Protein chains: 2
Amino acid sequence: MYSIGIDIGGTNTDMGLVRNDGTIIARSNIPTNAYTELEPYIRDIMGCIAKLMDDNNVEKIEGIGIGAPNGNFYTGCVDNAPNLTIKGVLNFEQEMHKYMDVPVVLSNDANAAAYGEMVYGGAKDLDNFIMFTLGTGVGSGIVLDGKLVHGSTGGAGELGHCILIPNGRQCSCGRKGCLETYTSARGIVQTYCELKGIPVTADIDSKMIGDLANQGDPIALKTWETVADQLGLAMANSVTFSAPQAIFLMGGPTKVGEPLLKPLQKAFDKYLLNIFAGSCQIRMSQLKANEVAILGAAALIKMKTNN
Amino acid sequence: MYSIGIDIGGTNTDMGLVRNDGTIIARSNIPTNAYTELEPYIRDIMGCIAKLMDDNNVEKIEGIGIGAPNGNFYTGCVDNAPNLTIKGVLNFEQEMHKYMDVPVVLSNDANAAAYGEMVYGGAKDLDNFIMFTLGTGVGSGIVLDGKLVHGSTGGAGELGHCILIPNGRQCSCGRKGCLETYTSARGIVQTYCELKGIPVTADIDSKMIGDLANQGDPIALKTWETVADQLGLAMANSVTFSAPQAIFLMGGPTKVGEPLLKPLQKAFDKYLLNIFAGSCQIRMSQLKANEVAILGAAALIKMKTNN
């Protein structure tokens with residue numbers, strides 16, 4: 001059986017034809033920012049899907065899963081996503097059903113990543129875990145009893161906006177001290193620059209700080225220790241909520257390896273409430289960076305077909 | 001239909017015969033701390049239950065629900081509760097089944113309170129909410145999709161031990177800065193004494209600080225504003241997890257009324273991530289203080305009989 005995974009970004013819309021074993025058979029993409037209206041955008045997406053199926057002799061798909069900013073699981077809409085050139089509340093499900101009568105499921109990208117990990121990745125054996133995605137921002141997806149936590153609004157699982165340090169760093173959300181301001185790629189750069197005593201500059205990125213740390217640079221190492229302490233605290237706090245079996249990490253900054261992961265385990269153990277000691281592992285995502293968005297989106301369809 | 005609710009405390013074990021409409025028909029109790037072995041303790045509990053049923057001409061009950069420190073929903077055991085004189089892992093379910101073949105369900109008291117609110121109290125119309133209980137400690141119970149969140153260990157929903165202020169006040173759990181150290185009855189007294197510049201003393205309790213605030217005492221008012229700010233932050237953080245429809249409050253300190261509730265709403269609104277604005281109400285528990293423990297315990301049985 002096959003399904004379609006669609007990853008909607010502000011610049012590009014990536015699509016993939018995904019086989020049930022988690023293999024992406026073929027890909028396609030269109031420029032999201034070339035569109036200002038939903039109808040032509042969906043028409044072109046559905047054209048790509050038809051071609052992907054046709055080229056690969058696939059006559060039937062299980063459904064279409066979509067990872068999108070502000071993607072709402074309950075309504076099948078993308079709700080006023082600030083970084084899309086198509087404005088308003090966009091009813092993807094309804095519009096796609098004009099072309100193809102298959103289930104259409106939307107969620108945000110971090111939720112999709114978490115679900116993808118369960119269906120195709122390193123969480124196949126788990127039904128209770130949390131995924132933290134570190135990147136431009138910090139996202140999260142929470143799986144409880146084998147189901148994604150959407151909450152009453154559809155917007156649950158925003159742990160990047162848990163306030164970690166009251167009155168801390170200014171966050172783009174308007175509040176202060178969110179986890180994201182410390183452990184996103186940008187937050188990590190800020191910490192490095194603060195420790196080095198230099199202004200924050202666009203010349204430095206988290207990858208460079210990772211390389212420096214792996215070369216033994218003491219300020220870079222201190223940066224990752226600081227990030228590990230902050231992330232470890234946030235992870236331990238999240239355990240008090242749902243007592244997960246594991247916390248998964250993915251995203252660019254997690255690729256640094258030891259300089260982050262060693263102090264992270266230490267911080268997590270230090271901050272974990274004693275009744276949870278030993279009950280929750282730290283694991284790395286087992287999905288490839290260039291596949292997770294499409295696989296995660298495709299995995300979403302399993303929510304409709306398995307329930 | 002009837003069920004039995006049992007509230008196990010370190011000093012007393014309270015039992016109640018509960019009718020399906022949430023009326024406690026009759027009560028009974030035994031001194032928990034008179035026992036050091038499980039068998040005689042359960043024998044005496046079951047004797048009380050038999051008498052409660054007999055006295056009220058009840059021939060059949062739906063089950064026995066138990067709210068207990070370290071009560072484990074999955075195993076039916078109380079696991080090494082530090083404040084009980086009966087030590088070890090206590091298999092209540094197994095022991096009770098020697099006397100009566102009905103479902104036996106255990107959970108901790110905050111979870112029971114949350115579930116009781118849904119079955120008998122102010123959350124009958126909700127399937128997604130969080131209960132914070134303020135008392136000697138701070139407990140919480142999380143209901144998601146109409147089910148209590150137990151997590152992988154059975155110990156989920158310990159939001160009183162979310163670290164609110166990194167490196168903050170020393171908590172009895174061994175870590176620092178837990179919500180409980182600020183918004184428990186004891187934490188509130190500490191804040192008042194700090195603001196007043198006096199040593200923490202056993203002569204002051206949170207009820208007195210409440211009375212002082214309602215009389216207009218500025219330091220007492222400032223105390224509740226501080227507590228409101230801390231609790232509001234913790235509540236807003238919990239919304240990022242499960243996007244509940246409401247957060248319920250119960251326990252002695254919440255009885256102060258306006259001095260807490262007015263600044264609490266303000267703090268909650270201030271700290272709530274914008275995407276959740278207006279989606280989550282603050283509500284007070286609708287169960288009576290002297291009934292919640294038994295009703296909550298009795299409600300737990302609905303988890304087994306409804307699923």
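Start in chain B, with B:Lys51 and B:Asp55. These two form a salt bridge, and their closest N and O atoms are 2.8 Å apart. Both sit in helix H1 of chain B, residues 38–55, and because they are four residues apart there, about one helical turn separates them. As for solvent, B:Asp55 has a relative accessible area of 48%, so it is classed as partly exposed. Keep in mind that this is a predicted model.

Next, chain A. A:Arg19 and A:Asp21 make a salt bridge, with 2.9 Å between the closest N and O atoms.

The next pair is A:Glu62 with A:Lys302. This is a salt bridge too, and its closest N and O atoms lie 2.9 Å apart. Where in the chain are the two partners? A:Glu62 is in the loop between helix H1 (38–55) and strand S4 (64–67) of chain A, while A:Lys302 is in helix H9, residues 292–306 of chain A. The two are 240 residues apart, so to speak in distant parts of the chain, and the pair links them. Both A:Glu62 and A:Lys302 are buried.

Over all chains, the structure holds 18 salt bridges. How many are there between chain A and chain B? The count between those two chains is zero.

That brings me to the contact itself. Chain A contributes 39 residues to the contact, and chain B contributes 39 residues. Between them the chains bury about 3100 Å², with 66% of that area on carbon and sulfur atoms. There are also 12 residue pairs in polar contact between chain A and chain B, counting pairs with both residues at pLDDT 80 or more.

Which elements of chain A supply the side that touches chain B? Strand S10 (138–144), helix H7 (218–242) and helix H8 (258–271) of chain A each provide at least two residues. H7(A) gives the largest share, six residues. By residue type, the side of chain A that touches chain B splits into 21 nonpolar, 15 polar and three charged.

That is what I have for today.

How values were computed. Residues are numbered from 1 along each chain as its sequence is written. Chains are lettered from A and ligands numbered from 1 in the order in which they are written. This is a predicted model: local features need pLDDT of at least 70, side-chain atom pairs count only at pLDDT 80 or more; totals for chains, interfaces and linings use all residues. Side-chain values use heavy atoms; hydrogens and water are left out. Contact means heavy atoms within 4.5 Å. Buried area is the accessible area (1.4 Å probe) that two parts lose on being put together, summed over both. A salt bridge is a side-chain nitrogen of Lys or Arg within 4 Å of a carboxyl oxygen of Asp or Glu. A polar contact is a pair of N or O atoms within 3.5 Å; within protein, one must be able to donate a hydrogen and the other to accept it, and residues adjacent in sequence count only if both atoms are side-chain atoms. Ala, Val, Leu, Ile, Met, Phe, Trp, Tyr, Cys and Pro count as nonpolar, Asp, Glu, Lys and Arg as charged, and the others, Gly among them, as polar. Buried means under 20% relative accessible area, exposed over 50%, partly exposed in between (1.4 Å probe, protein chains only).
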